[in-house]
Each structure stands twice: as structure tokens, then as C-alpha cells.
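Hi,

Here is the structure I said I'd pass over to you.

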Amino acid sequence: GAGHGAVDDLFDVVADPKDDDHCEIVLRVHVQPGAGRTAVVGRHGDALKLRVGAPPEGGRANEAVAALLASTLGVPGATVRLASGATSRTKRYRIGPVDLAETRRLLTEAVSAGAAGNAGGRRGVR
């Protein structure tokens, strides 16, 4: 469908979908720590751009990112694991198992909501 692949460059599928279409993905994120609030703000190249209110010290920003990803994708926090980039702004998180179609939809929604700016708030979420 239209735009069906628009967010596919943000993540790699690392475990093949089983019969129920659940798989694991590695999502690339670009983090701006110490921001006023924690939110998805859109894209940054082939990464999902996030702002987190937490400072980078002591891994707190990493934890805030994991929590934001879990709530954005509707998965338990335990399924979101930092794969690389602990001290970098560019990180990779391994997430799963996830429903691939649902994950695409939620990522697309988050990116477009972020790109639309904060004026509209959380339009169209459930």
C-alpha cells in the first residue's frame, strides 16, 4: 500500500517471522538527550529520532529510550534491549517478539505525528 515501506529502512528484521508474523527487529535510533521532554520527533536518515528528558549519565537516557520505544510500539519493556551504541547518540535496540505489520503501522504513526510537530498533540492515537 501507499507508504508501506516508508519506515522499513529504520529497522532490520533479525529473526524471521514465524507463522504468526512475529519476529525480532533491530531499530536504529538517534537520540537527543537532556531535551525538555521524551518523545519521538521523526526521522534522522535511516534512524528514528527521539528526544529524551533524561541525561546521558549512568545509562538513564538509554533506559528512557527503551521505555519510550516500548510504549510507542506497544510491547513490554523487557522486550526492548539495547544492542549497541550505549554511549553514542546513534543506538540500536533489539525489540521482539513483535507483530511486524503492527510495528510498521505504529512506527509510521509515530514518525508522522512527530514530523507534524507538537501542535496537534497525539492526533489519531486509538
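**What I found**

The hairpin of S1 and S2 has six residues between its strands, and Asp21 there takes a positive phi near 70°. One caveat before going on: this is a predicted model. The pairing of S1 with S2 is antiparallel and runs over four bridges, with Phe11 standing opposite Leu27 of S2.

Stepping back to the whole chain: the protein has two helices and six strands, and read from the N terminus the order is β-β-β-β-α-β-β-α. There are 126 residues, 38% of which count as buried. Among contacts with a separation of 6 or more, 48% are between residues 24 or more positions apart. The accessible surface comes to about 6,600 Å², and carbon and sulfur atoms hold 51% of that.

Now the core. The largest nonpolar core has 31 residues, and the ones touching the most other members are Leu27, Val29, Leu48, Leu69 and Ile95. Two or more residues each come from S2, S4, H1, S6 and H2, and H1 gives the largest share, with eight.

Is Glu24 buried or exposed? With a relative accessibility of 18%, Glu24 falls under the 20% cut-off, so Glu24 counts as buried. Apart from residues up to four places away in sequence, Glu24 touches Asp12, Val13, Val14, Ala15, Arg81, Arg94, Ile95, Gly96 and Pro97. The last two of these are joined by a cis peptide bond, with omega at about 5°, and Pro97 lies in strand S6.

On to H2, which covers residues 100-115. Its 16 residues reach 22 Å from the first C-alpha to the last, close to the 22 Å expected at 1.5 Å a residue. At the start of H2, a side-chain oxygen of Asp99 comes to within 3.1 Å of the backbone nitrogen of Ala101. After the helix comes Gly117, with a positive phi near 90°.

Which residues of H2 are buried? They are Leu100, Thr103, Arg104, Leu106, Leu107, Ala110, Val111 and Gly114. An α-helix has 3.6 residues a turn, so residues three or four places apart point the same way. The buried residues of H2 pack against strands S1, S2, S3, S4 and S6, as well as helix H1.

Last one: Gly77, in the loop between H1 and strand S5. Gly77 is partly exposed, at 47% relative accessible area. Its C-alpha is 6.0 Å from that of Ala67, ten residues apart along the chain.

Cheers

Note on methods:
Residues numbered from 1 in each chain as written. Predicted model: local features only at pLDDT ≥ 70, side-chain atom pairs only at ≥ 80, totals over all residues. Heavy atoms only, no water. Expected span 1.5 Å × (residues − 1). Buried < 20%, exposed > 50% of the residue type's maximum accessible area, 1.4 Å probe, protein only. Contact = heavy atoms within 4.5 Å. Polar contact = N/O pair within 3.5 Å; in protein donor to acceptor, adjacent residues only side chain to side chain. Pairing = 2+ DSSP bridges. Core = buried A, V, L, I, M, F, W, Y, C linked by side-chain atoms within 4.5 Å. Areas by Shrake-Rupley, 256 points an atom, 1.4 Å probe, with all protein chains shown as cover.
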